[in-house]
Amino acid sequence: MSEKKTSTPETTEKKAYVKPSGNPGSFRAIAIVLWVLAIACEVVGILFILQVIVVGNSLPFVIGALILDLILVVVGSFLWKRANKIDPPSEKNKAEFFIKTQLGAIIAVIAFFPILIFLLTDKNMDKKTKTWVSILAGVCLLLAVGLSIDYNPVSSEDLEQMVINSESSDFGEGIVKWSKNSKVYHTWSDCSALNRIQDDNLREGSVKEAFEASKVRMCRFCAGHFDITDGVEGADSADDSDEPADDEEEDDGEEEA
Ligand SMILES: [Zn+2]
């Protein structure tokens, strides 16, 4: 029995809830510029290593190139991931979805792996210098990849499902609640998992805002209440336990949904 509360004004004005959150096209364009500059830094670093650019002591230049390379890659990846939250790619084509969501990590490899190889095979530096600059480059590679991976990639299909699932929300059409510490969103005001969330952690907003905060799965209690089966927390796994993996404090005020 899903009672639908008188949802706020006209249902056609669903988009009115969506706060402007930046232009994904600009974010992507800036990301690409930063990545090109990052790879340029790498090339300059390699030219110093090969002594194509000759200076008294090339070491500070190689280190500088590595650090600048790292900063440019990571900032670019941050913007790229942000753009994907605002304008998510479709996951109909799995390969394309992977490339679009993980492009930052791919660029990170391109921006550090070649220079690392040049460092490891270098014949000009003394052994000690070569070792620790190579370690630095290796650490930069790991950091760049680690910080560029999109650990929680989301698709346009996720967003479409969220819009459908939140039509019957108790909080108004397209309005959902979530905890900043969980991965799910809620639409049922009596949900036991929702009511256990501490006020400090509780957020309310449009589907789009929840999506941008990576809360793309519906809480299973809320889904059960509204008879929703798609885009639900844990729906992919065979796990059928009653334990809501929602907030950090799971023990107090337990009350079955
Ligand atoms: Zn819920």
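1. Overall make-up. The protein chain contains eight helices and four strands. The model is a predicted one. Read from the N terminus, the order of elements is α-α-α-α-α-β-β-α-β-α-β-α. Of the chain's 257 residues, 37% count as buried. Among contacts with a separation of 6 or more, 73% are between residues 24 or more positions apart.

2. H2 against H4. Helix H2 (residues 59-86) packs on helix H4 (residues 127-148) with the axes 9 Å apart and an angle of about 5 degrees. Because of that angle, H2 is roughly parallel to H4. On the H2 side the contact is made by Leu59, Val62, Ile63, Leu66, Asp69, Leu70, Val73, Val74 and Ser77. On the H4 side the residues are Thr129, Val133, Leu136, Ala137, Cys140, Leu143, Ala144, Leu147 and Ser148. By class, the contact of H2 with H4 comprises 14 nonpolar residues, three polar and one charged.

3. One residue in that contact. Isoleucine 63 lies in helix H2. Leaving aside residues up to four places away in sequence, isoleucine 63 touches Val133 and Leu136. Isoleucine 63 and valine 133 are 70 residues apart in sequence, yet their C-alpha atoms are 7.4 Å apart in space.

4. H3 against H4. Helix H3 (residues 94-120) and H4 have axes 8 Å apart and pack at an angle of about 170 degrees. H3 and H4 are therefore roughly antiparallel to each other. H3 residues in the contact include Gly104, Ile107, Ala108, Ala111, Phe112, Ile115 and Leu119. Among their H4 counterparts are Lys130, Val133, Ala137, Cys140, Leu141, Ala144 and Ser148. The class count for the contact of H3 with H4 is 17 nonpolar, four polar and one charged.

5. H2 against H3. The axes of H2 and H3 come within 8 Å and cross at roughly 170 degrees. H2 and H3 are therefore roughly antiparallel to each other. H2 contributes Asp69, Val73, Gly76, Ser77, Trp80, Lys81 and Asn84 to the contact. H3 contributes Lys100, Thr101, Leu103, Gly104, Ile107, Ala108, Ala111 and Phe112. The contact of H2 with H3 divides into seven nonpolar, five polar and three charged residues.

6. Kink and burial in H3. Where is the kink in H3 centred? The kink, of about 70 degrees, is centred on glutamine 102. Gln102 is also one of the buried residues of H3, as are Lys100, Thr101, Leu103 and Gly104. Further along H3, Ile107, Ala108, Ala111, Phe112, Ile115 and Leu119 are buried. The cover over the buried residues of H3 includes helix H1 (24-49), H2 and H4.

7. The sheet. Four strands form an open sheet in the order S3-S1-S2-S4, with mixed pairing. Strand S3 (202-206) and strand S4 (217-218) are at the edges with a single partner strand each, so one side of each has no neighbour in the sheet. S3 pairs with strand S1 (residues 175-179) in the antiparallel sense, over five bridges. Valine 176 has glycine 205 in S3 as its bridge partner.

How values were computed: Residues are numbered from 1 along each chain as its sequence is written. This is a predicted model: local features need pLDDT of at least 70, side-chain atom pairs count only at pLDDT 80 or more; totals for chains, interfaces and linings use all residues. Axes are lines fitted to C-alpha atoms, for helices over the stretch in contact, and angles run from 0 to 180 degrees between N-to-C directions. Helices (H or I, at least four residues) and strands (E, at least two) are DSSP runs, numbered from the N terminus. Angles under 35 degrees count as roughly parallel, over 145 as roughly antiparallel, 65 to 115 as roughly perpendicular and the rest as oblique. Two residues are in contact if their C-beta atoms, placed from the backbone, lie within 7 Å. Ala, Val, Leu, Ile, Met, Phe, Trp, Tyr, Cys and Pro count as nonpolar, Asp, Glu, Lys and Arg as charged, and the others, Gly among them, as polar. Two strands pair if DSSP finds at least two bridges between them. A residue is buried if 20 or more other C-beta atoms lie within 10 Å of its own, exposed if 12 or fewer, and partly exposed in between; C-beta atoms are placed from the backbone. The bend at a residue is the angle between axes fitted to the seven residues ending there and the seven starting there.
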